[in-house]
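Here's a quick briefing to read with the model open beside you. Have a look at the fold before you dig into the notes.

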Amino acid sequence: MLAIGERINGMFREIGRAIRRQDPEVIQRVALRQVEAGADVLDVNVGPTAEDPVAAMVWLVNTIREVTAAPLSIDSTKPEVLRAGLQAAGDRVMINSTTAVPERMAALFPLAAQYNCPIVGLTIDASGVPRDAAGRMEVALQLVAACLEYGVPTDRLYIDPVILPVNAAQHLPTEVFKAIGMCRTLCDPPPKTILGLSNVSQGTTQRSLLNRTCLVMALAHGLDAAIVDVTDEALMEAMIAAEVLLNRQVYCDDFVRAYRAAHAVQG
Amino acid sequence: MELAIPVEQWSGAVGTVTLGATAEQGGTRRRTLTLGGESTLPFLRLEGAIPNPPALAMEVLDASPEKWPEPLRAPFGNVLDDPAAWAVKCVEEFGADAIVLRLVSADPQGQDASPEQCAETVRRVLQAVSVPLIIWGCGDNDKDNLVMPACSQAAAGERCLLGTAVQENYKTITACALADGHLVISEAPLDISIQKQVNILLTEQGLPLDRIVMYQVTGALGYGVEYAYSILERTRLAALTGDKMLSMPMLSVVGSEAWKAKESWLDEPKWGALERRGILWEAATAALFLHAGSHLLVMWHPEALRLVRAMLTALQPA
């Protein structure tokens, strides 16, 4: 599974403060800690409070690039912030994210084509988040159609079927898991699937337990990538064990160490 | 209607390993041997690159092989009791890409040669030939742990491949390789999980991935080789899908396995001419391991080696 580290987000108090004070040390420490913990990609989000989000994104990307060449997921709802982040990062990037609202797709899919990079597409359209798996597939098809229209290979699209907090919408995880499985039949090559995982446990008291259980269930349905707290050791170990049980990693007695060692080599 | 050939895009590749060190690299080899690097299945150039062809090594025993059948002894003439002369013949006359020196004399159940005697043989073979050397213990763990350090030191800087590290006994040989600049054969009993486990043990001791060659103990044609094929194939697929801990090049022992089969040596006229049978058994076994994804074959009979070389040439793109 492609593990995308979620911690560099202005929404977190420590990161928000570091952005405002332009304190590179905090950002670089969090970046390296996530790479060491097994992140394949680092998500970069300036958060809601940055005064000049474009400048903040460029500063964040440059600050991270000083210490690691890990791929970056440039995370914003604003096309100009995304564009600035992609430009600063150079290669090894992905766009996080677009919805299926036509104006947004028209702004962001050409960026994915221009930078030849993966793009996350949320199954959200003008009327919001669909209620069930079938509704998610309808929106996913619009995202696939946009790939074809703007010249982005369909396997560069990561469809996020949007999971919501389980304490608010308890029927949803089942629909999301179904949608993950259905995405494989959308086109050839099929789009990949991704989840912003931590959302499922917002406002609950057992966040780590819910996160890792949800991740394992989603993996069993074919999930390819997830934006997660990679520093949650129990979560990463559950993911590694699931990969072994799904025959995505060859078993050996020290399969957790083998996974981590192989990732250390790649990083 | 035009037929589109489906082409698989692999996310990983086989790692690259180089045996032997030249004078500039701190050794005395005139030739080095680079294995691996493929981003596709064996011979399938359609889907990726094959930067290095498979290599054919020949095995030299440090004690005269009294039990070898006549068809196997014949091509070697009178060199079978002189490892250095035997090695020279393999390289100069038969075109071996590397020499495997098997230290059978160290076996405590047999001659029980001393570590110093074995090290002296290593020195003599290194002086006699200029191709990379693979130094292989007698298989008795306790004795090998005494013999290998002496042989490793005698070959320091030559970037030899030392064999073998197994799950129960890997620390001494890995320490030797680290101290003297060699590489290690990571051995498993036809088990992909144990192969991965031995690899992780070696890397955790500090040996880089590009100094490990994998070896699954296999049989020959007719003796469960189908199972070996599927294990080697699965290992290659793991490398191509990005599993770094199974991405090293693979070695297969062909000669000794093929000539163990009774079909190679039993004087049974109904089975065909004895002079050709063992050779064909060895060549067919070798061809099979190459198709399964092996990078380095350890051969015995020069005529079998010639047949395999001809197959490799025929499968090269024009």
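Predicted model: local features only at pLDDT ≥ 70, side-chain atom pairs only at ≥ 80, totals over all residues.

Residues are numbered from 1 along each chain as its sequence is written, chains are lettered from A and ligands numbered from 1 in the order in which they are written, and side-chain values use heavy atoms, leaving out hydrogens and water. Helices (H or I, at least four residues) and strands (E, at least two) are DSSP runs, numbered from the N terminus.

**The barrel in chain A**

- In chain A, eight strands close up into a barrel, in the order β1-β2-β3-β4-β5-β6-β7-β8, with parallel pairing; two strands pair if DSSP finds at least two bridges between them.
- From one strand to the next, the twist averages 25°. For angles, axes are lines fitted to C-alpha atoms, for helices over the stretch in contact, and the values run from 0 to 180 degrees between N-to-C directions.
- Take β2 (residues 41–44) and β3 (residues 72–75) of chain A: they pair in the parallel sense over three bridges, and A:Leu42 sits opposite A:Leu72 in β3(A).
- Buried means under 20% relative accessible area, exposed means over 50%, and partly exposed is in between (1.4 Å probe, protein chains only).

**The barrel in chain B**

- Chain B has a closed barrel of eight strands too, running β3-β4-β5-β6-β7-β8-β9-β10 with parallel pairing.
- Neighbouring strands of this sheet are turned by 30° against each other on average, direction ignored.
- Strands β3 (residues 55–61) and β10 (residues 296–299) of chain B pair in the parallel sense over four bridges, and B:Ala55 has B:Leu296 as its bridge partner in β10(B).
- Helix α2 (residues 83–93) of chain B packs on the sheet, touching β3 and β4 (98–102), and its direction makes about 160° with that of β3(B). Contact means heavy atoms within 4.5 Å.
- Over on β9 (250–253) and β10 of chain B lies helix α10 (residues 274–292), running at about 170° to β10(B).

**A helix pair in chain A**

- The axes of α3 (residues 53–65) and α4 (residues 79–89) of chain A come within 9 Å and cross at roughly 25°.
- That makes α3(A) and α4(A) roughly parallel to each other. Angles under 35 degrees count as roughly parallel, over 145 as roughly antiparallel, 65 to 115 as roughly perpendicular and the rest as oblique.
- On the α3(A) side, the residues meeting α4(A) include A:Val54, A:Met57, A:Val58 and A:Val61; among those they meet in α4(A) are A:Val81, A:Ala84 and A:Ala88.

**Buried spots**

- A:Ser97 lies in β4 (residues 93–98) of chain A and, at 10% relative accessibility, counts as buried. Not counting residues up to four places away in sequence, A:Ser97 touches A:Ser76, A:Leu82, A:Arg104, A:Leu108, A:Val120 and A:Leu122.
- B:Gln197, in helix α6 (residues 192–204) of chain B, is buried with a relative accessible area of 6%. Leaving aside neighbours within four places in sequence, B:Gln197 is in contact with A:Cys252, A:Asp253, A:Asp254 and B:Gln167.
- B:Gly27 sits in the loop between β1 (16–19) and β2 (33–36) of chain B and counts as buried at 11% relative accessibility. B:Gly27 and B:Gly181 are 154 residues apart in sequence, but 9.8 Å apart in space, C-alpha to C-alpha.

- A cis peptide bond joins A:Asn96 and A:Ser97, with omega about 15°.
- Another cis peptide bond links B:Gly163 and B:Thr164, with omega about 0°; B:Thr164 is in strand β6 (residues 161–165) of chain B.
- A:Arg92, a residue other than glycine, has a positive phi near 60°. A:Arg92 is in the loop between α4 and β4 of chain A and counts as partly exposed at 46% relative accessibility.
- A:Asn247 also has a positive phi near 60°, and is exposed with a relative accessible area of 56%.
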